[in-house]
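Dear colleague,

Please find below the structure that I am handing over to you. A summary of the findings follows it.

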Amino acid sequence: MFRTRLYLKGISEIVGNIEMSIIVLVDENQERQLSIVCDKQTEYQISMRMSGMNITQKMVPEVLLGMIRKIGDYRLELIINTVSDGGYNALLVNKDTMDMVSMRASDAVLLSLIGNIPLFVDESLMARQSVPFREDAKGMAIPVNVLDENMLTKALEKAVEEENYELASHLRDELKRRKIPSSR
């Protein structure tokens with residue numbers, strides 16, 4: 001599997017949505033960005049670590065990682081590998097045993113930040129989902145397939161209200177696509 005190393009660039013609120021925020025990840029050359037939707041609690045946890053608050057050293061994630069590191073020398077990495085049900089998924093991988101645990105990508109970003117664990121994205125996923133990174137951008141594009149159904153419904157209502165029927169059609173099609181049961 002080819003992959004791209006990601007770095008946390010920042011986190012910001014979604015205008016008009018007080019429940020969700022956007023995590024901005026960039027590649028090593030800061031040419032491409034991947035935007036991940038996260039809930040307010042995850043945004044708060046990431047913001048605490050980014051601001052260097054001392055209290056985080058006594059919080060459960062830091063304490064547990066400290067204990068794990070005392071038990072053994074684990075070589076870990078995080079890989080954002082899929083999109084499903086309106087969100088990115090990631091794997092926590094033990095590079096020595098190849099044991100893997102699935103998790104939300106937003107939690108993988110938080111864990112990467114807390115434990116200084118390298119964060120990657122599958123190269124084909126990065127090619128499909130990323131957009132060019134611009135430091136001075138006033139807004140950002142987010143692929144519809146990483147929005148949950150609630151956010152899609154709100155975006156559809158807003159598109160209809162603003163008479164943006166092309167976008168409304170695209171959003172409606174994405175909602176319909178998700179409601180079709182898979183044939184497994």
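**Helix packing and two selected residues**

Helix α2 (residues 60-71) and helix α3 (residues 105-115) pack at an angle of about 60°, and their axes are 10 Å apart. Axes here are lines fitted to C-alpha atoms, for helices over the stretch in contact, and angles run from 0 to 180 degrees between N-to-C directions. Helices (H or I, at least four residues) and strands (E, at least two) are DSSP runs, numbered from the N terminus. This is a predicted model, in which local features need pLDDT of at least 70 and side-chain atom pairs count only at pLDDT 80 or more, while totals for chains, interfaces and linings use all residues. Residues are numbered from 1 along each chain as its sequence is written, and side-chain values use heavy atoms, with hydrogens and water left out.

On the α2 side, the contact (heavy atoms within 4.5 Å) is made by Pro-61, Glu-62, Leu-65 and Arg-69, and on the α3 side by Leu-111, Ile-114 and Gly-115. By class, this contact of α2 with α3 has four nonpolar, one polar and two charged residues (Ala, Val, Leu, Ile, Met, Phe, Trp, Tyr, Cys and Pro count as nonpolar, Asp, Glu, Lys and Arg as charged, and the others, Gly among them, as polar).

A second pair is formed by α5 and helix α6 (residues 165-179), whose axes come within 8 Å and cross at roughly 155°. The two helices, α5 and α6, are therefore roughly antiparallel to each other (angles over 145 degrees). Their crossing is left-handed. Residues of this contact include Leu-152, Leu-156 and Ala-159 of α5 and Ala-168, Leu-171 and Leu-175 of α6. The residues of the contact of α5 with α6 divide into 10 nonpolar, one polar and five charged.

Leu-156 itself is placed in helix α5 (residues 149-161). Not counting residues up to four places away in sequence, Leu-156 touches Ala-168, Leu-171, Arg-172 and Leu-175.

Ser-21 lies in strand β2 (residues 17-27). Ser-21 counts as buried because its relative accessibility is 0% (buried means under 20% relative accessible area, with a 1.4 Å probe and protein chains only). Beyond four places in sequence, the residues that Ser-21 touches include Ile-11, Ile-36, Cys-38 and Lys-40.

Yours sincerely

Technical notes. Parallel < 35°, antiparallel > 145°, perpendicular 65-115°, else oblique. Left-handed = near helix turned anticlockwise from the far one by under 90°. Buried < 20%, exposed > 50% of the residue type's maximum accessible area, 1.4 Å probe, protein only.
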